[in-house]
Amino acid sequence: MTAQTITITQPDDWHVHLRDGDMLNQVAEYTARQFGRAIIMPNLAPPVTTTALASAYRDRILAATSDYPDFQPLMTAYLTDSIAPEELVKGHEQGVFTAAKLYPANATTNSSFGVSDMKGIYPVLEAMQEIGMPLLVHGEVVDSEIDIFDREAVFIETIMAPLLKDMPELKVVFEHITTKDAADFVASQGDNIAATITAHHLQINRNDMLVGGIKPHLYCLPVAKRELHRLALRKAATSGSKKFFLGTDTAPHAIGAKESACGCAGIFSAPHAIEVYTQVFEEDGALDQLEKFASLNGPAFYDLPVNQKQISLVKESQQVPATIGEGDLTISPYQAGEILAWRLV
Ligand code: DOR
Ligand code: ZN
């Protein structure tokens with residue numbers, strides 16, 4: 001009997017951290033070998049705040065992925081309290097900035113230059129609304145009195161809903177949603193609001209991270225929530241709704257930075273991302289919805305053509321390596337050592 005195979009339009013990854021320098025060179029091909037395009041997050045140190053910085057970063061990514069000449073990195077601007085609307089509009093017009101990323105100040109890795117006052121960047125958001133440039137949102141409040149497991153839900157109430165009321169035409173991607181609250185909120189909004197969902201948030205809940213010993217490699221932000229939220233995310237992803245699409249939030253950190261008294265947030269899921277999503281959709285009897293989530297809904301939201309190529313996955317087990325990379329840059333990939341059901345051909 002030959003193994004089951006599925007063939008779909010080549011997917012895109014709508015949320016990727018590639019880092020820079022040696023780490024970029026080590027990780028970028030894992031994304032480029034699967035995906036046609038990737039939205040590149042701008043949280044470098046210093047952050048990608050200008051057209052010139054984004055354009056130079058794009059060249060470094062293209063150099064790091066030269067074995068995959070069709071791979072297209074789509075660049076984003078890092079919003080700060082002082083970024084000028086003209087810089088964003090210029091970058092968008094020149095085809096450098098596909099979108100802009102909103103990090104609430106100090107919400108996560110390299111976000112200290114993020115936005116501390118939403119009203120202060122309203123001129124920027126109004127300009128984006130005007131030209132149809134998507135706003136990509138890390139949707140967590142940062143107030144110290146708000147419990148970390150509630151930060152996404154409180155963000156919806158206190159920031160996202162008022163923002164959308166003030167800017168009803170703004171295109172917004174609620175990135176890496178982790179709660180039923182966010183899935184329901186996005187589903188209830190107009191076509192200008194969508195969300196990405198990571199592979200790991202479809203598979204793990206907070207028990208996976210905390211029960212039986214703390215698993216630093218499953219720690220990310222937004223942090224995994226309780227089981228009812230994971231189930232709501234799976235329902236949203238596999239529903240066929242055009243509002244939900246693939247964004248891995250793959251975020252490499254060297255092992256030493258994760259296995260630490262103060263470990264970094266981030267899960268490096270790039271190496272086997274499409275295989276993990278495929279497994280999730282198969283488990284939920286929704287393989288027929290995988291192509292929409294992985295390859296069609298994202299381009300439709302971003303007003304881009306779908307990829308011309310196709311990819312195939314075969315139902316053959318494979319083991320995820322224990323580590324990836326070398327020396328100081330060795331990374332523990334998502335599901336290190338585990339057996340996956342599918343393999344990208
Ligand atoms: O877990 C995360 N890692 N969440 C983020 O928002 C940032 C990312 C990173 O850059 O490491
Ligand atoms: Zn991210």
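Okay, let's start with the metal: along the sequence, the residues that donate to the zinc ion (ligand 2) follow the spacing H-x1-H-x231-D. Donors here are N, O and S atoms within 2.8 Å of the metal (3.2 Å for Na, K and Ca), and water is not among the atoms, so sites may look incomplete.

Quick housekeeping. This is a predicted model, where local features need pLDDT of at least 70 and side-chain atom pairs count only at pLDDT 80 or more, while totals for chains, interfaces and linings use all residues. Residues are numbered from 1 along each chain as its sequence is written, chains are lettered from A and ligands numbered from 1 in the order in which they are written, and side-chain values use heavy atoms, with hydrogens and water left out.

So who holds the zinc? His15 and His17, each through NE2, and Asp249 through OD, at 2.0 to 2.1 Å. His15 is buried, at 1% relative accessible area, and His17 is buried too, at 7%. Buried means under 20% with a 1.4 Å probe, protein chains only.

Now ligand 1. It has 13 residues around it, and the closest are Arg19, Asn43, Thr108, Leu221 and His253; to count, a residue needs a heavy atom within 4 Å.

Which polar contacts do we get, meaning N or O pairs within 3.5 Å? The side chain of Asn43 puts an N or O atom 2.8 Å from a ligand 1 oxygen. A polar side-chain atom of His253 is also 2.8 Å from an oxygen of ligand 1. Leu221 uses a backbone N or O atom, 2.7 Å from a ligand 1 nitrogen.

How values were computed: A polar contact is a pair of N or O atoms within 3.5 Å; within protein, one must be able to donate a hydrogen and the other to accept it, and residues adjacent in sequence count only if both atoms are side-chain atoms. Buried means under 20% relative accessible area, exposed over 50%, partly exposed in between (1.4 Å probe, protein chains only).
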